[in-house]
Structures are given as structure tokens and as C-alpha cells.
Amino acid sequence: MAENTKAKHYYHRKSNSGRRSNNSLNTTLIRNRLIICGAALMSITVIFLIIFGIYKLIPKLQDTKDRAIYSVNYEDIIDRYSKEYNLDKAFVCGLIHCESSFDADAESGVGAKGLMQMTDETFDWMQERDSGYVSMSPDELFTPEISIKYGCMFLDLLFDVYDSEELVLCAYNAGMGNTDDWLETYSDGYGGLSYIPFPETESYVYNVTEARDNYKELYGF
């Protein structure tokens, strides 16, 4: 009888020990699973933050890249004469971008000079309109303020003659005589042109307009 009692106690202790072992094993498994789940969740969170950060960074990088392409120099001078001659600042910047890429020393094959690529003849004409006489040599067009002032003065004159940016750009690029001829031959019936015969001028109008829009978007002009 005593042996049976000992055997029962032994079996009871063994059973309890087995349960404790199982409980300990289950606890370890649960803890390990929690650790794995936590690590996975942390990894997902890190990946999400990286992707979100890249997503937020891409527009800034693109904006920086675009600003490098559409840079602005002499902004204070452009701002002053755009206001004086009632011109769209973004339009003036777009024109300078296409004419000289803001290179004050630029000179074309036909002798147009400076930021706004004005010819000697047009510069003399603008001086006469401004003061009644010619007081400066054409080389003064390499001075940024002179180029911007007289370039804006010329644009103001063109806007007095023509009703749209398209026509003003045609006249600035191809001359007022050609633009007047085109209006007689290729008028769209609404004061504009249905066709621009010079491919260079057609591209010029498109490029300046696109640059103007980019300056508006990038700088809020």
C-alpha cells in the first residue's frame, strides 16, 4: 500500500513537472514569436518611413534640378524694370533664359549683345526714344542693367503695338516687319497668327512661353 502511495506521488510530481516544462516551452515559443513579430513590424515601419521619406524628397530634388536649369540672376534689376514697364517678370526671365541663358557677355553671330540679345540698331533706336539722342556705345549692352532696362523698354513698345505675347515674341525674334507681313498673310482672324513661317521663330515662341511657365511655377513670379 505504501509503495502504491509513493508511486502515485511520484507520478503526480512527474506530471506536474511535465506540465511546467510544457508551460515553459509554450511561454518561450510565444515570447520568440512576439520578438519575431515585433522585429517584422519594426522592419516594415522602417521601410515605410524610408519610402515615405524618399517620396517626400523626390519633389524637392526635382525642384532643385529644375531651379538649376531655370536659374535667375540679376533678379533685383529684372524686378525693377519689369515693374517700371508693366511686364510679367516671369515672361522677362523666360526671354532672358532663351536668349542668353543669363550670360551677360553673350553675343550672337549677327551681333546681338548681352542678356536680352539686343542689336546695335535697336539699342540706338531705344536710346533715341528714351532721351532723344544716342549717348552709349553698343558695348554697354554687356552691362546687365543696361541690357535689361532697354530690353524691357523694347518689350513695352512691342506690347503697345501687338495684342499678345506670341506676336511680341515673333517681333522680338524675327522683327516687326516680318511680324506685320505674317499678320496680313497668316492671320487667324482673332488678332493672332495661324502659322509662323520661320521654324526658328516658332520654336522661340514655344520655348520662351514654356520657360515663362516654369519660372512662374518654380519661383512664384
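Helices (H or I, at least four residues) and strands (E, at least two) are DSSP runs, numbered from the N terminus. Keep that naming in mind as you move through the viewer.

Residue numbers start from 1 along each chain as its sequence is written, and side-chain values use heavy atoms, with hydrogens and water left out. What you have open is a predicted model, in which local features need pLDDT of at least 70 and side-chain atom pairs count only at pLDDT 80 or more, while totals for chains, interfaces and linings use all residues.

**Stop one: L218**

Select L218, whose place is in helix α8. L218 counts as buried because its relative accessibility is 10%; buried means under 20% relative accessible area, exposed over 50%, and partly exposed in between (1.4 Å probe, protein chains only).

**Stop two: helix α2**

Next, select residues 75-84, which make up helix α2. Which residues of α2 are buried? They are I77, I78, Y81 and S82. These four lie on the same side of α2, because they cover an arc of only 125 degrees around the axis (the arc is that of the directions from the helix axis to the C-beta atoms). Here is a handy rule: an α-helix has 3.6 residues a turn, so residues three or four places apart point the same way. Look at the other side of α2 to find D76 and K83, which are exposed. The cover over the buried residues of α2 includes α3 and α5 (144-161). After α2 comes N86, with a positive phi near 55 degrees.

**Stop three: where α3 meets α6**

Show helix α3 (residues 89-100) together with helix α6 (residues 165-174): their axes come within 13 Å and cross at roughly 35 degrees. Axes here are lines fitted to C-alpha atoms, for helices over the stretch in contact, and angles run from 0 to 180 degrees between N-to-C directions. To see who makes the contact (heavy atoms within 4.5 Å), select F91, L95 and E99 of α3, then E165, V168, L169 and Y172 of α6. By class, this contact has 5 nonpolar, no polar and 2 charged residues. Ala, Val, Leu, Ile, Met, Phe, Trp, Tyr, Cys and Pro count as nonpolar, Asp, Glu, Lys and Arg as charged, and the others, Gly among them, as polar.

**Stop four: aromatic pairs**

Rings of Phe, Tyr and Trp (its six-membered ring) pair if their centres lie within 6.5 Å; planes under 30 degrees apart count as stacked, over 60 as edge-to-face and the rest as tilted. By this rule there are 9 aromatic pairs.

Select F123 and Y150, an edge-to-face pair at 5.2 Å centre to centre with 90 degrees between the planes. F123 lies in helix α4 (residues 120-131) and Y150 in helix α5, so this pair ties together parts that are 27 residues apart in sequence. Both F123 and Y150 are buried.

Then try W182 and F198, also edge-to-face: 4.9 Å centre to centre, 80 degrees between the planes. W182 counts as buried at 5% relative accessibility, while F198 counts as partly exposed at 37%. For a cluster, select Y70, Y215, Y219 and F221, which are linked by ring pairs.

**Last stop: Q127**

Finish with Q127, placed in helix α4. Is Q127 buried or exposed? Q127 is buried, with a relative accessible area of 0%. Leaving out residues up to four places away in sequence, Q127 touches G132, Y133, V134, S135, M136 and Y150.
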